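Here is a walk through the structure shown just below. Keep the 3D view open and follow along as we go.

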Amino acid sequence: MLESYHYRGRPSLTPVAFQPGSPERRLSQARTSHATTPSTVDLLERARPAPLDLGAPPRGFASTPRVPQRVPNTCRATPPKGHLLIVGGNGTSPEMVREALALAGGVRARVVVLPQASEGSERGSDSVTMWRAGGATDVRNLDPLGEDAAEAIAHADIVWMSGGDQSRLMQALREARLVEPIRRRYREGAVIGGTSAGAAVMSGPMIAGRHEDSVGLNLWPVTIVDQHFSERDRAQRLLERIETRSGYLGVGIDEATAIILSGGVARVIGDGGVTILDGRAAQPRPTDPEGFTDVRLHRLRAGDSFRPPLCKTPSR
């Protein structure tokens, strides 16, 4: 079920307390209210034909006059030809594999695996097995990253990045000069996918630890992606990121859950949920340097979809 809340408070309150496995999710230590304006009533309805549109910053509450009015979205960008499969970790289901293969043209799609987030001696082997079990007939594990790695990516229909440490993965991709080939292949139409650490690298600002940030692949440039979201209570750290970075959406993906981004629409599949923290209308509280107001929260489940912004629109 898709739910929408407003949050007012300070980051140190740990505003979102999820109960994994429970059909009900609650917000604790925070003042919340169901949205009642015409633009947000639709968010409380499930499986509407039109996806939730997050293309422009929301309008602030009337009780907070410091919040500016909605900023028109003047972005003229068009969605890339490619597709993203972003998995929250701890389980890439057969459904997710089937969806990716369908987007890539079927079981004959050329799949390359980038396992460099892991330090294991047999890294990548589980991913190869997973794709072959899903029906893929052409799967290659790019480890080590040799001189032909860029060429392999240039001809791949699916590029898959497995879990581990996202900083280790990005370092390996930069050293092998594969960042731009992956971006180019995405623009040309390939499926770029990843789980856990492979999901974290999808955004531009990349969460590298509790208080550490780095730079990711920037395939989804207006978002900050976090994974293992509910299971590891990561609402706090994602909230801190969007509070300090104006114009970004925080996207937290639960385990065994994925977002498929295709044609400018993001769709949720899997067993868990996706939490969107929209701080584009957030404002600091003048009496409290650590406080802020008007962060909007959306909770999506399998079957829900949304239309994320293509450009970072300034809102404060």
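This is a predicted model: local features need pLDDT of at least 70, side-chain atom pairs count only at pLDDT 80 or more; totals for chains, interfaces and linings use all residues.

**A guided look inside**

Residues are numbered from 1 along each chain as its sequence is written, and side-chain values use heavy atoms, with hydrogens and water left out.

Where does S196 lie? Look in the loop between β9 (191-195) and α7 (197-200). Helices (H or I, at least four residues) and strands (E, at least two) are DSSP runs, numbered from the N terminus. S196 counts as buried because its relative accessibility is 11%; buried means under 20% relative accessible area, exposed over 50%, and partly exposed in between (1.4 Å probe, protein chains only). Setting aside neighbours within four places in sequence, S196 is in contact (heavy atoms within 4.5 Å) with V87, G88, G89, G163, Q227 and H228.

Now for the nonpolar interior. In soluble globular proteins, nonpolar side chains tend to be buried together. A nonpolar core is a set of buried Ala, Val, Leu, Ile, Met, Phe, Trp, Tyr and Cys residues joined through side-chain atoms within 4.5 Å. The largest one has 44 residues, and those with the most contacts inside it include W220 and F306. Apart from it lies another core, of 21 residues, among them L101 and V113.

Next, the rings. Rings of Phe, Tyr and Trp (its six-membered ring) pair if their centres lie within 6.5 Å; planes under 30 degrees apart count as stacked, over 60 as edge-to-face and the rest as tilted. By this rule there are 2 aromatic pairs. W131 and W160 are edge-to-face, because their ring centres are 5.6 Å apart and their planes sit at 75 degrees. This pair links distant parts of the chain, with W131 in helix α3 and W160 in strand β8 (residues 158-161), 29 residues apart. W131 is buried at 0% relative accessibility, and W160 is buried at 1%.

The other pair, W220 and F306, is stacked, at 6.4 Å centre to centre with 25 degrees between the planes. W220 lies in the loop between β11 (213-215) and β12 (223-227) and F306 in strand β19 (residues 305-307), so the pair ties together parts 86 residues apart in sequence. Both are buried, W220 at 3% relative accessibility and F306 at 0%.

Back in helix α3 (residues 125-133) you'll find M130, which is buried at 19% relative accessibility. M130 touches T92, V97 and W160, not counting residues up to four places away in sequence.

Finally, how confident is the predictor? pLDDT is its confidence in each residue, from 0 to 100. The chain's mean pLDDT is 81, and 77% of its residues reach 70 or more. Over residues 4-49, though, the pLDDT is below 50, and it stays under 50 over residues 60-74 as well.

Note on methods: pLDDT is the predictor's confidence in each residue, from 0 to 100.
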